[in-house]
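Please walk through the salt bridges of this structure, and then through the contact between its chains.

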Amino acid sequence: MSLYTYLLISAIIFAIGSYGIITQRSGIKILMCIELLLNSANLNLVAFSSFNGNATGQVFAIFSIAIAAAEAAIGFAILVALFRVRDTINLDDINILRW
Amino acid sequence: MFSDYAAFIVLLPVIAFVLTLFLGKKLYSGGALLPIAAIAGSFIISFGIFLEIYPKDGIVQQSWPWFAGMNIGILIDPLAVVMLMMVSFVSLLIHIYAVGYMAHDPAKPRYFAETSLFTAAMLSVVLSDNILQFFISWELVGLCSFLLIGFWYHKPSAAAAAKKAFLVTRVGDVLFLAGIVLLYVNMSEIIAGRGFTVPAGNFILQFKTMFAAIPLINPTQLTYITLLFFGGAIGKSGQFPLHGWLPDAMEGPTTVSALIHAATMVTAGVYLVARTFPMFAATPSTISAGVPDSLLIVAYVGGFTALFAATMGLVMNDIKRVLAYSTVSQLGYMMLALGTAGAVVGAQAVGISMFHLISHAFFKALLFLCAGSVIHAVGTNDIREMGGLFSKMKITGTTMLIAALALAGIGIPFINIGTAGFFSKDMIIEKAFEYGQLKGDFIPYAFAIIAALLTSIYIFRLWFMTFTGTPRSERHSHESPGVMTRPLMILALFALFFGFAHLGFYDYLNKNFELLTGEKAAPESGGVQMSPIVVLLPVLVGVLGFLISYAIYHKKMLDMSKLVSSQNPLYKLLLNRYYEPKIGADIIGVKLTHDVVAQSGEFVDRKIIDRLVIDNIISNTLFKLGEFIRKLQTGVVQNYASITLLGLGLLILLLRIKFGGT
């Protein structure tokens, strides 16, 4: 497979993630879509690293996965806390951060 | 060896200031011993440096770079070393005296901390080697003066006097600063345009660099610079027309008056003119250039002030105010000496003026401390309520008489025996006479000789009214404790015998600028033979003044009630101090500054800038814009995400357009 294929797959994953973020209303689904975005970027990093013969990209990808794990933990913790207070994680109902 | 520790002359009192301020409450007598020890240290170092540099005609120079071609430095030449010794010595005695005088004051730590800071600042003025550091210390001295005049700030009159002193001296300080700026501009110009170079290790505003640059500076500019400097000196030394703050400054404790407003701080103005004397002397001495030469103005302002202040000294009833006007008048003499003798004997004028400055410091500090001792005993400042104190206060009375004799310049001419003032003041008056002969202008001489007569009258009036006659009020006065009388005795010794140092003093000071710039001073002008009458006259008027006061205030040979009444317009004029407070405070202060300048400024600021420009234009526009933009914040997360993605897309698009690619 050429580099191009990897990039194409990555772009598709990214597009799915973006679409999900914009259209979905459930907090959990949005978090999952964010994971898709992150992992499409990781895929790019690994692909470039592999094709350029340079390990740095892969190291970056591992860092990125670790950070994504932390971010997901915090995100879900927020959602759990939110659910306890508001009995919903539908983001349409959570819009108090505004004018 | 001592010169290595020159910086400690200033640092010791600064350390004492900090320690006394924070720890004073827990220490003996409000921490008085710390400043006393520190200032004694400063005096010992100063004296040690004097002993080191006097035999070999040396000077001490230390300098550290600061910023932008400026430096911080120490310059101890003959001029500075005599000032250092005088300031630290007088300050030391007054601090010791203050232990007794301020014994019942609750705010002693603040008092001793502030006087210690003052001493540090004044010493720093004296040993500055550049005009900028001089100015900074000068301002610090002004601040201490403000704090100490307002020491009893709960008294409205003291608070007002402190404010007045601060504002009036500020006028002078602004002129001084303008002078420094003008000097800097001119220095930069001659460095850029006329090939003047500042030697390595020297700095642009150092005194020696300034003096080296004198021949290159445009003479008219030099006159402006020196006149602006003199403006600063007028403010600090209470010369006409900025003299009004000094008598009001007597609201502070008497020790403060003695230390700051008689012996040391107010002489900073004279010291400034003496320090920059080569610049004053180099100003063009003809009026043809469209500007009179600076020394002429110094002489006239000084002479006029000497006479003008002495007239007011005649009628004041507050013991300290008489002395305050006396100080103003004597400072006038020092300026007069710089101006007239400067024209006659060149840089030797500095020695003549400084000698009077230092002998004045001794006897005026003594006069004030005696006055403090009297006030301490009697509990009032009004000499009309005193009288007959001599039998109860023998030491104070005797020392004050010595000081009065010194102030009046009593001595025996021709065989040269006399008080300190006899040598110093007579020299000034004689030089004024020589000036008259040289220039055909006897007005400064007339000022000086009439002022000498008035000086003698007012000081003996003060003494007779205080110490002789019958007590005019029922008060249980007593002699002050030893901690107060001993400094009086030491100062009295100096007031009596310091005069004998005059020849050595003149010789030493004459070398000053030679040592600094390396240029030979002008040869001595051969010593004009004075006619006996000129030599005799200053002493004669002194004795005459004594006799007049003796006749009027002791023997009561003349009935003064007619003269001293509100019907007599002249007396009224003098008692109201030539309406100076009225003109200064009411007309210039309230009417002009407040009603016209401040009010119109307020109108422009509040009505035009605040209301019209800021309210109507700027803030309204911003508010409306904000109202519109805040609607964008919907609070729906998807909106934000969409806009972010849109932005990302736009960014990629822009990059494509900009850099192309496949």
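**Salt bridges and the chain contact**

With a relative accessible area of 17%, B:R321 falls under the 20% limit and is therefore buried. This value, like the others here, comes from a predicted model. The side chain of B:R321 meets that of B:D248 in a salt bridge, at 3.6 Å from N to O. The two residues belong to distant parts of the chain: B:R321 sits in helix α14 (residues 319-345) of chain B and B:D248 in helix α9 of chain B, 73 residues apart.

B:D248 counts as buried because its relative accessibility, 12%, is under 20%. B:K164 is buried as well, with a relative accessible area of 18%.

Another salt bridge in chain B joins the side chains of B:D77 and B:R275, with 2.9 Å from N to O. B:D77 is in the loop between β2 (71-76) and α3 (78-101) of chain B, and B:R275 is in helix α11 (residues 267-275) of chain B; the pair therefore ties together parts that are 198 residues apart in sequence. Both B:D77 and B:R275 are buried.

Over all chains, the structure holds nine salt bridges. How many salt bridges cross the interface of chain A and chain B? The rule finds zero there.

The contact between the chains can be described in other terms. It takes 14 residues from chain A and 13 residues from chain B. The size of an interface is often given as the accessible area lost when the parts come together. For chain A and chain B, the buried area is about 1,000 Å², with 63% of it on carbon and sulfur atoms. Between these two chains the count is one residue pair in polar contact, both residues being at pLDDT 80 or more. On the side of chain A that touches chain B, the largest share comes from helix α1 (residues 3-23) of chain A, which supplies four residues. Sorted by class, that side of chain A has eight nonpolar, three polar and three charged residues.

Definitions and conventions. Residues numbered from 1 in each chain as written. Chains lettered and ligands numbered in written order. Predicted model: local features only at pLDDT ≥ 70, side-chain atom pairs only at ≥ 80, totals over all residues. Heavy atoms only, no water. Salt bridge = Lys/Arg side-chain N within 4 Å of Asp/Glu carboxyl O. Buried < 20%, exposed > 50% of the residue type's maximum accessible area, 1.4 Å probe, protein only. Contact = heavy atoms within 4.5 Å. Buried area = accessible area lost by both parts, 1.4 Å probe. Polar contact = N/O pair within 3.5 Å; in protein donor to acceptor, adjacent residues only side chain to side chain. Nonpolar A, V, L, I, M, F, W, Y, C, P; charged D, E, K, R; others polar.
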